[in-house]
Amino acid sequence: MEILALAAVAGGVAFAGWLRDRHRHHAKNQDGRCAQCGTPWQDPATGDPFLLHGRLVCAPCAGREQERMMRHFGVLAGATAFASTSILVAQGPVALMLLPLATGAGLTLGAVSVMKLANRRAQRRIATGESPEFETLLLRDR
């Protein structure tokens, strides 16, 4: 029971951190800056913006985020392998088939789906002219 409570608290803290980061990144975009590093779009070093997790980031930040994403998937694969091995040793092959493989695949597919949904929503806002972040980019190009 303590593990469930700990997992619930950890999940709540992670979700609150995600919401805080999302708000901070959105505020940076609205101010005409890269959502990640805060560099103004008028700076020539930013290059063309990239849409990442539903926010606009500069080219250097997009490259760093791509490398970071690969590390995250590596950690997820390692954690899944560790959990699978632990369950196989402790509970046998039946438990192995049910829990870690499905959980790892579900978490990965869920994370990718959420990221793609955020990008589609941002693209829709940009296309309909509802994105103040994109307006600052248009002013930069003039």
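A salt bridge is counted where a side-chain nitrogen of Lys or Arg lies within 4 Å of a carboxyl oxygen of Asp or Glu. The model shown here is predicted, so local features need a pLDDT of at least 70 and side-chain atom pairs count only at pLDDT 80 or more, while totals for chains, interfaces and linings use all residues. Residues are numbered from 1 along each chain as its sequence is written, and side-chain values use heavy atoms, with hydrogens and water left out.

The structure holds 4 salt bridges, and one of them joins Arg68 to Glu65, with the closest N and O atoms 2.8 Å apart. These two residues are separated by about one helical turn, because they stand 3 residues apart in helix H2, residues 59–91; helices here are DSSP runs of H or I with at least four residues, numbered from the N terminus. An α-helix has 3.6 residues a turn, so residues three or four places apart point the same way. Glu65 counts as buried because its relative accessibility is 9%, whereas Arg68, at 30%, counts as partly exposed. In these terms, buried means under 20% relative accessible area, exposed means over 50%, and partly exposed lies in between, using a 1.4 Å probe and protein chains only.

H1 itself has 29 residues and reaches 42 Å from its first C-alpha to its last, close to the 42 Å expected at 1.5 Å a residue, where the expected span is 1.5 Å times one less than the number of residues. Its buried residues are His25, Lys28 and Asn29, and the helix is followed by Gly32, whose phi is positive, near 80 degrees.

On the surface, Phe15, Trp18 and Leu19 form a nonpolar patch with about 320 Å² of accessible area together; such areas come from the Shrake-Rupley method with a 1.4 Å probe, and for residues only the protein chains shown count as cover. Patches are made of residues with over 30% relative accessible area and no salt bridge, like charges being joined within 9 Å and nonpolar side chains (Val, Leu, Ile, Met, Phe, Trp, Tyr) within 5 Å. Phe15 has its place in helix H1.
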